[in-house]
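User: I'd like to learn how to read strands, chain contacts and domains. Can we go through them one by one?

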Amino acid sequence: MSDVVIKFEDVSKQYRLGVVGTGTLSHDLNRFFAKIAGKEDPTKKVGVSNKLNVRDGDYVWALRDINFSLNDGEVLGVVGKNGAGKSTLLKLLSRVTAPTTGEIKVKGRIASLLEVGTGFHPELTGKENIYLNGAILGMTKREIKSKFDEIVEFSGVSKYVDTPVKRYSSGMYVRLAFAVAAHLEPEILIVDEVLAVGDAEFQKKAIGKMQSVSKSGRTVLFVSHNLTAVEQLCTKGILLQNGTLKMEGPIHDITSAYKKASVNENELKRSGTRHVEIRNYQMLNSLGQAIEEVFLGDNFYVDASFAAREAADYTDFTLDIRNDANEFIGHVTNADDLFEIKNLAKDELRRVRVEVKDMSFAPGTYYISLWLGNKYGTFDYIENCIRFTIKQGDQFIRRPFPFDKRAKTVLRSNWKEI
Amino acid sequence: MSTKKTDRFESWSMVLRPKKSLFEVNLMELWQYRDLISMFVKRDFVAKFKQTILGPLWFIIQPLLTTLMFVVVFGNIAGIPTDGIPQVLFYMTGIVGWNYFSTCLNDTSQTFIKNASIFGKVYFPRLAMPVSIVISNLVSFIIQFIFLLGFLVYFILKGTDVMPGIEVLLIPFLVLLIAGLGLGFGIIISSLTTKYRDLVHLVTFGVTLWMYATPIIYPMSEIPEKYKAYVMANPMTPIVETFKTALLGVGTVNYMSLLYSLGFTLALLAIGILIFNKVERTFMDTV
């Protein structure tokens, strides 16, 4: 039995950019006179593109015509680039600001973890802050009292509960703050990037809490750049792009569409002098076939060609490998194999093939950036231009259960009884 | 069966719309958040005196020193008469009453600017913030008031000719009026400061100037006839005058002008709440 608990109907949000100063009063008057004359608001242009970098006068649409609904018990992942409108969407829902047009209908109490620790006062003790923060988040004193012990235990700071929070470490601070919010028991929970803070053990606790919230039939909205966490936690997703709702559906469809979009549809970030320029690049397996997937333990190849637009003494060529949280995981360079790329003549085209051996990164999505340059500077640098996934396979990992996703690399080991 | 289901679908607990009608004020919600208000009051109190040596003594030091200063400057150097009342009592009565008003006004007028970071993250009725400020200032007022009563008793025992009248019964009402005026002006200014920051600078010295337009350092009887109308137009005047009459037993209470203050306060509060209510929905976009 599921019930619609959140419904966005044609919701848009317009922001005014720039300094609110001298221009404001005249704009206000402008609007006011147009209103009196019965004309359309001159500052509000409808039906034009809403890319954030295309300014509509000094106004910008952070969200345009968003429609979706969410049932109870669903965990919705909100995915999109920076500036796509994710935070605005959550701000509207948590009533921090009001929509410009449209309606948001909500059933039940909403609690937001937009940023944990809101209203924490450094001079107050942990205990006092639990009460204060709980009240800010909408709990009554009695509710907090009945859950106080649970909150303290969950946070793991019971020894310091009578110490002012300004003496807490940042980890303790965040744990306490999250513990309060996690015990709100709202019908709808909004979580924005909070899992980025705290240590691994705490993150596990937090994720567990979110899962138990959703299992008890309540609804969670989760915004994060960590696609692994999103895939782990969410059942359904929406993809936002430049303020519009690009896609809605099962979470895995959404994340794969997002990953694809971030490589293909967006312009690749490229920099350098281009004295030597990368022309082509491709990822291949040992049979010479183009691939996007590698199994743990596999070798793979990257073929690249580059053209010297001016003569160059030498150049180095490196591959940087990042995971989908944009963490720098691996680095490969020609110098390590004592391989040299020397004496490039003007207009000469060179091709290189690099073999990367024994892939040992944790299963997941990775991006390769290519760099061409020497000690005097960068010729050409293309960021995250090759996307590939690493699958578990059975060469390195033979355990019958899945690989622990928090580990970033796999170490091979031999075992014997002694 | 199907109707029942439709019913459930229609029973939204909350609908967020672009622009609230101007008169849609939800004071019930404020009541639901009364625990939050009491937590804010407690926080203000605790936080104010943590790591101070004298702690709550500051409540008393401030009016005491101001009174001494007034006695020296206005009483002795300028020689402004005090209606036959000991200068210390005369000034302190005025200062304690005025202090409550000015702290309420000053503190609430920064509601949006000072709390922008909290307001930007969670929702609670924004009015809870200024209301809690008025209440926590009430606590300091009560402490100062008791201190003032101590002085009063001392002077009565010494045989000075001051005697609280039956009008002391009006004091709770006067306190409410002061709180209402301070809150009303404060929230109007705080609403306007979200757009026009200049007001912040105006408020601090504006309140100081306002004090001189109120019979704090001089008695009504000393005001030249031609200025009297202006001073009486000040809604704080009848309140301060009644306050003095009640405690010190000089003059009589002018109920008509007190009624004027009441009307002024109610109108101001109504306007203030309407403006505040309109601003609170979208102020995060402009701050």
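User: Which strand of chain A pairs with S1(B), and in which sense?

Analyst: Start with the rule: two strands pair if DSSP finds at least two bridges between them. Strands themselves are DSSP runs (E, at least two residues), and helices are runs too (H or I, at least four), numbered from the N terminus. Here strand S4 of chain A, residues 101-106, pairs with S1(B) in the antiparallel sense, over three bridges. Keep in mind that this is a predicted model, where local features need pLDDT of at least 70, side-chain atom pairs count only at pLDDT 80 or more, and totals for chains, interfaces and linings use all residues. Residues are numbered from 1 along each chain as its sequence is written, while chains are lettered from A and ligands numbered from 1 in the order in which they are written.

User: What is the bridge partner of Ile104(A) in S1(B)?

Analyst: That's Leu16(B).

User: What is the strand order in the open sheet of chain A?

Analyst: The order is S11-S13-S17, three strands with antiparallel pairing. S11 (276-284) and S17 (349-356) are the edge strands, as each pairs on one side only. Eight bridges join S11(A) to S13(A), residues 300-308, and Val276(A) stands opposite Ala308(A) in S13(A).

User: Now the domains: where do they lie in chain A?

Analyst: Domain bounds come from an automatic or database domain assignment. In chain A, domain 1 covers 4-9 + 63-263 and domain 2 covers 270-391. Their centres, taken over C-alpha atoms, are 39 Å apart. Six residues of domain 1 of chain A touch six of domain 2. On the domain 1 side, helix H7 (227-233) and helix H8 (251-263) of chain A give two or more residues each.

Notes. Contact = placed C-beta atoms within 7 Å.
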